[in-house]
Amino acid sequence: MQTRAERFDDLVLDAASRLEERVGEAFGEVEFAVEDVPPSDPAPWEPADVALGRLFAARGRMPARIVIYRRPVETRVDDPRELAALVNEVVVEQVAAMLGVDPAELDPGWDVGPDDGPL
C-alpha cells in the first residue's frame, strides 16, 4: 500500500510525463522534486503567499529543477480528484514558466479561476 506522500509523488510524475509527451523535445532536461513545505524565506521575486511550486532555472550543466510543495497543495483540496487536478495545474504552470509560454498553450484544460492567484 502506498503512502500519501508516494501517491503525491506519482501524481507529479504523471503530470510531468503527460506534458513531456505533449511538448516533445522542447521539454528539455528538467528534474522534478517534491518537498513537504516551501522554505520560509521566499525569493525576492516570489509572492509572500505560500508557494505551491517553484522553478529553479538551469545553470551550467545543472538542469532546470521544478519543486512541488506537497502540504500546501494538499491543504487546498478536499478529495483525490481535486488533488490530481491541482497537482497538474502547478506542474503545468511551472513548466510553462520554464519554457516562457502561457500555461494554456501546454494544457488547453489549464485554468486558473478569478479568485486563484499564481501557483
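How many salt bridges does the structure hold? There are 3 of them, where a salt bridge is a side-chain nitrogen of Lys or Arg within 4 Å of a carboxyl oxygen of Asp or Glu. Before I go through them, please keep in mind that this is a predicted model, in which local features need pLDDT of at least 70 and side-chain atom pairs count only at pLDDT 80 or more, while totals for chains, interfaces and linings use all residues. Residues are numbered from 1 along each chain as its sequence is written, and side-chain values use heavy atoms, with hydrogens and water left out.

Let me begin with R4, whose side chain meets that of E74 in a salt bridge at 3.6 Å, N to O. This pair links distant parts of the chain, since R4 lies in helix α1 (residues 4–23) and E74 in helix α2 (residues 70–74), 70 residues apart; helices here are DSSP runs of H or I with at least four residues, strands are runs of E with at least two, and both are numbered from the N terminus. R4 is exposed, at a relative accessible area of 52%, whereas E74 is buried at 14%, where buried means under 20% relative accessible area, exposed over 50%, and partly exposed in between, with a 1.4 Å probe and protein chains only.

Turning to R70, we find a salt bridge with D36, in which the closest N and O atoms are 2.9 Å apart. Here too distant parts of the chain are linked, with R70 in helix α2 and D36 in the loop between β1 (30–35) and β2 (53–56), 34 residues apart. R70 is buried, with a relative accessible area of 8%, and D36 is partly exposed at 37%.

R70 also forms a salt bridge with E74, the closest N and O atoms being 3.0 Å apart. Because they are 4 residues apart in helix α2, R70 and E74 are separated by about one helical turn. Taken together, R4, D36, R70 and E74 are linked in a network of salt bridges.

Leaving aside residues up to four places away in sequence, F8 touches several residues, including R70 and E74, a contact being heavy atoms within 4.5 Å.
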